[in-house]
Amino acid sequence: MLELNHDTEPQVLRCFRALNPPPYSSGTAIWKQYRDFEYTERSNQSLVRALHRMQEGLCVYCERRIFTIESERQNNERNRHIEHLRSRQNYPDLTLTYSNLALSCSTEQERVKSCGERKGNRELPILPTENHRHLFDIDFDDGSIIPAQGISSADEKRVKDTCILLNINHKALCFERLQILNNLQKIHQLPLLTAEEKEQRARQYCISKTVIGSPFAPTLRKAFTKFLL
Ligand SMILES: [Zn+2]
């Protein structure tokens with residue numbers, strides 16, 4: 001899961017909220033009004049663009065790549081939606097709060113749903129806006145996300161519940177993570193290289209994978225430190 005730090009709020013959202021301040025009786029209704037407003041304002045999807053930039057093009061929950069708006073238009077294909085971290089249903093007054101918004105992947109074509117679509121109107125035990133990186137770790141044997149060692153049992157439960165709620169340990173996702181981890185391990189086990197050369201290779205691999213927009217970049221950064229530091 002990404003750790004989010006929301007930057008400057010897009011003007012279109014600020015304007016709409018100034019015209020329509022909370023409280024809201026229905027999060028769904030005010031969100032629909034906002035989307036209509038954004039469309040007529042021809043804002044060129046500035047909200048989606050701002051979130052995409054902040055998240056380095058990755059899904060807030062599973063860290064897979066989300067298409068850019070240009071690529072969506074070119075290929076007539078979309079794999080994301082705007083996600084309310086605290087649900088519109090339970091927290092209607094946060095519907096238009098910038099720090100409550102993020103981009104999550106959409107997996108409608110897949111049999112197994114994950115991330116925002118899986119979460120629905122339920123509430124996350126750990127939010128991407130809190131400082132949470134130290135709570136999560138990766139199981140190098142199966143690619144699953146697990147609680148980090150040494151955290152409290154309450155935090156351990158929060159990590160497990162978050163993973164279940166988002167279904168971020170389903171087979172396909174674990175397999176994708178595992179492939180990346182295996183590549184790192186292969187470099188680590190190369191027989192004819194010195195330790196320094198291995199470190200150099202692994203570093204190059206990680207750098208090439210952790211450029212902006214690479215899927216699982218935060219996971220890779222974690223794996224990199226585990227192997228080499
Ligand atoms: Zn996702």
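First, the ground rules. This is a predicted model; local features need pLDDT of at least 70, side-chain atom pairs count only at pLDDT 80 or more, and totals for chains, interfaces and linings use all residues. Residues are numbered from 1 along each chain as its sequence is written.

The overall layout. The chain has 9 helices and 4 strands. Those are DSSP runs, numbered from the N terminus: helices are H or I, at least four residues, and strands are E, at least two. From the N terminus on, the order is α-α-α-α-β-β-α-β-β-α-α-α-α. Of the 229 residues, 27% are buried. Buried means that 20 or more other C-beta atoms lie within 10 Å of the residue's own; exposed means 12 or fewer; partly exposed is in between; C-beta atoms are placed from the backbone. Now contacts: two residues are in contact if their C-beta atoms, placed from the backbone, lie within 7 Å. Take contacts between residues at least 6 apart in sequence: 67% of them join residues at least 24 apart.

On to the core. In soluble globular proteins, nonpolar side chains tend to be buried together. A nonpolar core here is a set of buried Ala, Val, Leu, Ile, Met, Phe, Trp, Tyr and Cys residues joined through C-beta atoms within 7 Å. The largest one has 36 residues. Which of them touch the most other members? They are Leu51, Cys59, Val60, Tyr61, Cys62, Leu103 and Ile168. The elements giving two or more residues are H1 (11–19), H3 (46–54), S2 (101–105), S3 (136–138), H6 (153–166) and H7 (171–189). H7 gives the most, with 5 residues. Now look at Tyr61. Leaving out residues up to four places away in sequence, Tyr61 touches Met1, Ser104, Cys115, Gly116, Leu166 and Ile168.

Next, helix H3. Its buried residues are Leu47, Val48, Ala50 and Leu51. They sit on the same side of H3, because they cover an arc of only 160° around the axis. That arc is taken over the directions from the helix axis to the C-beta atoms. An α-helix has 3.6 residues a turn, so residues three or four places apart point the same way. What do the buried residues of H3 pack against? The partners are H1, H2 (27–40), H4 (69–75), S1 (80–84) and S2.

Most residues other than glycine have a negative phi, and most peptide bonds are trans. Glu56 is partly exposed, with 17 other C-beta atoms within 10 Å. Asn76 also has a positive phi, near 50°. Its place is the loop between H4 and S1. Asn76 counts as exposed, with 6 C-beta neighbours inside 10 Å. Then the prolines. The peptide bond from Pro22 to Pro23 is cis, with omega near 10°. Pro23 lies in the loop between H1 and H2.

Last, two loop residues. Leu94 is in the loop between S1 and S2. Gly27 is 67 residues away along the chain, yet the C-alpha atoms of Leu94 and Gly27 are separated by 8.0 Å. Asp141 is in the loop between S3 and S4 (145–147). Asp141 counts as exposed, with 8 C-beta neighbours inside 10 Å. From Asp141 to Leu181 is 40 residues in sequence and 9.1 Å in space, C-alpha to C-alpha.
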